[in-house]
Structures are given as C-alpha cells and as structure tokens.
There are 2 protein chains.
Amino acid sequence: MIRVVIIGAGNVAIHLSRAMVDSTRIRLVQIFSRSERNASSLPGSVPRTDDLGALAEADVYLVAVKDDAISALAPALKHLPGLVAHTSGTVSMDALAGVDRRAVFYPVQTFSKDRELDWKSIPLVLETSDPNDMGLLRSLAAELSDSIYVIDSAGRKKLHLAAVFANNFSNHMFRLSKEICLDNELSFDLLRPLILETASKVISMEPEAAQTGPARRKDRKVMSEQEDQLDAEKKEIYSLLSDSIATRYMETD
Amino acid sequence: MIRVVIIGAGNVAIHLSRAMVDSTRIRLVQIFSRSERNASSLPGSVPRTDDLGALAEADVYLVAVKDDAISALAPALKHLPGLVAHTSGTVSMDALAGVDRRAVFYPVQTFSKDRELDWKSIPLVLETSDPNDMGLLRSLAAELSDSIYVIDSAGRKKLHLAAVFANNFSNHMFRLSKEICLDNELSFDLLRPLILETASKVISMEPEAAQTGPARRKDRKVMSEQEDQLDAEKKEIYSLLSDSIATRYMETD
C-alpha cells in the first residue's frame with residue numbers, strides 16, 4: 001500500500017485524487033488545499049487540511065499546484081518524511097529546493113474538471129533526485145497508467161515545448177476556424193466532427209501521412225484565393241503555415 | 001428508393017459507397033472508375049464501369065473525383081437523366097458547366113481509406129441549381145446523416161477555409177510537435193493521448209474556453225525560454241501563434 005498526500009486542489013489534483021481513491025494499492029491519506037473553491041469536486045472520503053504544518057505522514061507527496069507556486073511552497077515541504085514530487089511539465093525538479101528527496105510525476109494530458117479521463121493511457125513522466133526512489137515512484141505510477149517514461153528535467157522541458165504545439169497551438173487553430181465560421185454566419189458545429197477525426201487519425205497514423213489540403217498539394221490558386229478572404233492576422237498565419245507545410249512535401253507527392 | 005451512381009473511386013467514393021450499400025432506401029446502381037487501383041476497397045456487389053458513355057440510369061450522380069477534375073468531366077455528364085452533384089468543399093457548383101440539374105453534396109470530413117467513420121455525425125452541405133431538386137438531395141442526405149446544412153457556393157468556400165485551419169493546420173501542429181520530439185529523442189507516443197483529448201474537448205467545449213498554456217497566461221518568461229529552443233522556422237511560428245493567442249485574453253484571465 002502506497003500512502004499519498006496531494007497538495008493542491010486544481011484540475012490535476014482533482015483528477016489524481018479521483019483516480020487514487022479508486023485504486024486498491026494506493027491510500028490517499030490527505031488533500032491539502034488553501035481554499036474550499038473546488039471542495040465539492042474532491043473525493044469526500046479523503047481528509048483535508050488547509051494547514052501546511054499539519055500534513056499527514058505519507059510515502060509520496062504530490063505537489064499539484066500552479067507552476068509558479070512550486071518554488072514558493074518548497075521551504076514548507078523540507079521536513080516531510082516522504083518523497084516530494086511536483087506534477088509540472090515545465091518546472092525543473094530543483095525548484096523543490098531544500099527538499100531532500102525530490103521528484104517529478106508529470107501526467108502528459110490536459111485536465112478539465114468535468115471530463116472523464118482514462119488514466120491507463122495517460123503517459124506519466126518520472127524523475128527522482130535519488131535513483132533509489134525511482135522504484136517507489138514507478139510503483140505509484142504503475143497503479144494509474146500503462147505508459148511510464150523516465151525523463152530528466154531538460155528532456156521534460158523539450159516535451160512540454162512539443163506539447164505546446166500539440167495542444168495549445170492546435171486548439172488555437174480550432175479557435176481561428178471558429179472565428180471564420182462566425183464571421184460568415186456558419187455554425188462551428190459543422191467542423192467539430194472533422195476536428196475529432198483529425199486528432200483520432202493521429203492515434204494510429206503519422207501526422208505527415210495524414211496531411212491533406214491545398215498547401216500539401218501546392219495548389220497556389222486555392223491558397224491565394226483563400227488568403228485573400230482573411231484579415232491581416234489570419235492571412236499572416238495562413239501564409240506562414242502553408243509555406244511550412246509545402247516545404248515538407250516533394251513536388252511529386 | 002433513391003438510385004445513385006458514384007463517379008470516382010478515391011477515399012470519398014469508397015466511404016460513400018460503403019455507407020450506401022448499407023442503406024435500405026438507397027440503391028447504389030453503379031460505380032464509375034477509370035482505374036482498378038482501389039477496386040478491392042469498393043463494395044463487390046455493385047456493378048462497375050470505366051466507360052463514361054455507359055453510365056446507368058439513376059436519380060443522383062455523385063461526382064467524387066479530385067477538385068480539378070470536376071470541370072473537365074462536366075461535358076461528359078451533360079446528357080445524364082438525373083441530378084449531378086459534386087462532393088467538393090472548394091469547387092463552385094457551376095464547375096458542372098452545361099449540366100442542367102447541378103448540385104453539391106459535400107461531406108465535411110477527412111477521409112482515409114482504412115478508417116471507419118460514423119456517417120450519422122458527418123455534416124452534409126447541400127446546394128442545388130434548381131430549388132425543386134433540394135427535396136431529392138435532402139432525402140438522400142438524410143439516409144446517411146443527421147446533420148444537414150444548405151449552404152451556397154460562396155458560403156461553402158468560407159467553410160472550406162475554416163476547415164483548412166481546423167484540419168490541415170492543426171495536423172501540421174501535430175507534425176511540428178512530432179519533429180520536436182524526434183529532435184530530442186522523445187517518443188511521439190507521449191503526446192498522442194494529449195492530442196486526442198485536445199480535440200475531444202472541442203466536441204463539448206468552446207476552443208476559447210479550452211485554451212491553456214504560456215501564451216494564454218502571458219507567461220513571458222516561459223515563452224521566451226521556449227522560443228530560444230526552436231529553429232528559425234518553428235520560432236517564427238511559435239511567436240506568431242503565441243501573440244495571436246495572447247491578444248485574445250485579457251490581463252485578468
């Protein structure tokens with residue numbers, strides 16, 4: 001049985017706590033939260049505290065707070081008897097300054113309060129300051145997911161950068177697409193099934209094989225017609241991304 | 001019973017023909033294809049021809065060929081006794097020059113040969129030159145989908161432009177993300193579940209609400225660190241898209 005305390009009550013903490021109360025080999029002994037804002041989204045069966053001095057004894061403390069709050073919290077976590085792991089994709093493990101047994105437990109996923117997630121498929125990226133702690137962290141991860149990776153802080157930064165393109169920027173493409181719809185009195189519902197299929201393809205296909213459209217086939221006529229229908233900002237994005245696509249495909253494709 | 005001939009044997013034709021042989025109120029009487037390349041992907045029960053002069057009698061002829069082949073094909077379709085509808089998102093209905101009863105039957109989806117699709121959820125965008133033909137085209141569409149829209153050629157061009165952002169450009173973000181992974185010896189499998197969840201969110205949420213990341217929270221420190229890790233092309237894209245995101249969120253978000 002691995003005893004866990006979760007520090008934080010945001011979306012990551014909510015999803016982690018729900019997954020952990022469902023596990024028979026993890027015992028979630030406490031949740032720390034300064035505010036009661038998300039209290040109703042947390043499992044009611046788990047004791048809560050708002051006092052950092054009253055954290056329960058545990059094997060692993062998972063710090064699921066905002067990126068820029070991690071280093072400020074570190075001094076209060078120094079005395080803890082277990083492994084202290086933050087859950088951020090961007091923050092270095094050493095942001096837990098002064099903590100003896102530091103670690104990272106980063107779930108590569110986007111978390112919203114109201115969506116059900118399949119933890120088994122969420123990649124968990126692990127790092128520990130002491131190699132002897134990797135066994136414990138890996139055991140905890142294996143209770144939640146079938147997809148476990150050991151990656152250091154430098155590699156994790158690159159991964160997070162790749163995730164910005166995969167998640168933030170693709171979502172922004174959806175937003176720009178919606179704006180074009182609304183500007184032309186078209187329902188964005190027309191495009192939701194296409195968006196889902198675009199992403200679903202990438203589960204089993206490579207994105208370079210899935211690419212279609214005027215830029216891939218270097219259809220200059222359609223591209224120039226389309227650019228002319230856009231405002232200055234979207235035109236610049238259209239042009240830059242079309243060039244970026246076109247240079248990756250040979251004339252003979 | 002609506003009698004249909006499909007002209008073409010590409011991905012759209014393959015998926016249309018499979019859906020139509022499963023329908024009890026559509027009779028797919030013939031498929032025209034010049035080549036035998038995709039023959040094994042087409043329903044074996046449907047007669048095929050490679051002779052435009054030997055097209056069977058039907059109520060609707062669905063022209064599922066490449067965009068730039070539509071107008072070249074039009075003269076050969078002039079004499080047909082039924083409604084002639086192309087399936088393109090970009091081509092004007094009037095590309096079917098000389099055809100008396102012209103129409104468009106555009107499924108807003110990306111088609112790959114080997115993926116199963118749920119036609120019921122695919123939006124079908126309809127247009128007819130003669131308003132009297134809309135009833136027939138709508139009946140045909142209703143046999144396949146629950147999501148039917150009547151949009152003229154000008155509106156359809158705007159929709160296709162929005163689809164370029166939703167599909168082509170988001171898929172390119174996945175590719176750039178994969179390139180960053182491979183450059184850093186990280187498996188792209190780390191990001192596939194994130195990509196699927198990013199798109200799945202947009203089925204039930206608005207993209208402006210789903211947005212997260214450094215650009216949304218105007219985290220200049222992370223943004224500048226991330227830009228410095230990119231090559232010139234990706235840096236330009238990162239910068240342009242981050243600005244585009246940041247301008248859409250208030251300081252107080």
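The model is predicted, so local features need pLDDT of at least 70 and side-chain atom pairs count only at pLDDT 80 or more, while totals for chains, interfaces and linings use all residues. Residues are numbered from 1 along each chain as its sequence is written, chains are lettered from A and ligands numbered from 1 in the order in which they are written, and side-chain values use heavy atoms, without hydrogens and water.

**Chain A**

Chain A contains eight helices and eight strands; these are DSSP runs, with helices being H or I of at least four residues and strands E of at least two, numbered from the N terminus. Along the principal axes, its C-alpha atoms fill a box of roughly 65 × 40 × 35 Å. Of the 253 residues in chain A, 58% are buried (under 20% relative accessible area; exposed is over 50%, and partly exposed lies in between, with a 1.4 Å probe and protein chains only).

**Interface with chain B**

In the interface, 87 residues of chain A are in contact with 86 residues of chain B, a contact being heavy atoms within 4.5 Å. The two chains bury about 8,600 Å² between them, 63% of it on carbon and sulfur atoms. Buried area is the accessible area (1.4 Å probe) that two parts lose on being put together, summed over both. On the chain A side, Phe165(A), Leu190(A) and Arg248(A) lose the most area to chain B, together 8% of what that side buries.

**Salt bridges**

Over all chains, the whole structure has 44 salt bridges, each defined by a side-chain nitrogen of Lys or Arg within 4 Å of a carboxyl oxygen of Asp or Glu. The interface of chain A and chain B holds 16 salt bridges. Individual pairs include the following.

| Pair | Closest N to O distance |
|---|---|
| Lys178(B) and Glu206(A) | 2.6 Å |
| Glu197(A) and Arg115(B) | 2.6 Å |
| Asp59(A) and Arg3(A) | 3.2 Å |

Asp59(A) forms a salt bridge with Arg3(A). Asp59(A) lies in the loop between β3 (48-49) and β4 (60-63) of chain A and Arg3(A) in strand β1 (residues 2-7), so the pair ties together parts that are 56 residues apart in sequence. Asp59(A) is partly exposed at 23% relative accessibility, and Arg3(A) is partly exposed at 24%.

Glu197(A) forms a salt bridge with Arg115(B). This pair joins two chains, because Glu197(A) lies in helix α5 (residues 192-204) of chain A and Arg115(B) in the loop between β6 (102-107) and β7 (124-128) of chain B. Glu197(A) is buried at 7% relative accessibility, whereas Arg115(B) is partly exposed at 21%.

A network of salt bridges links Arg175(A), Glu179(A), Asp231(A), Glu233(A), Lys234(A) and Arg248(B).
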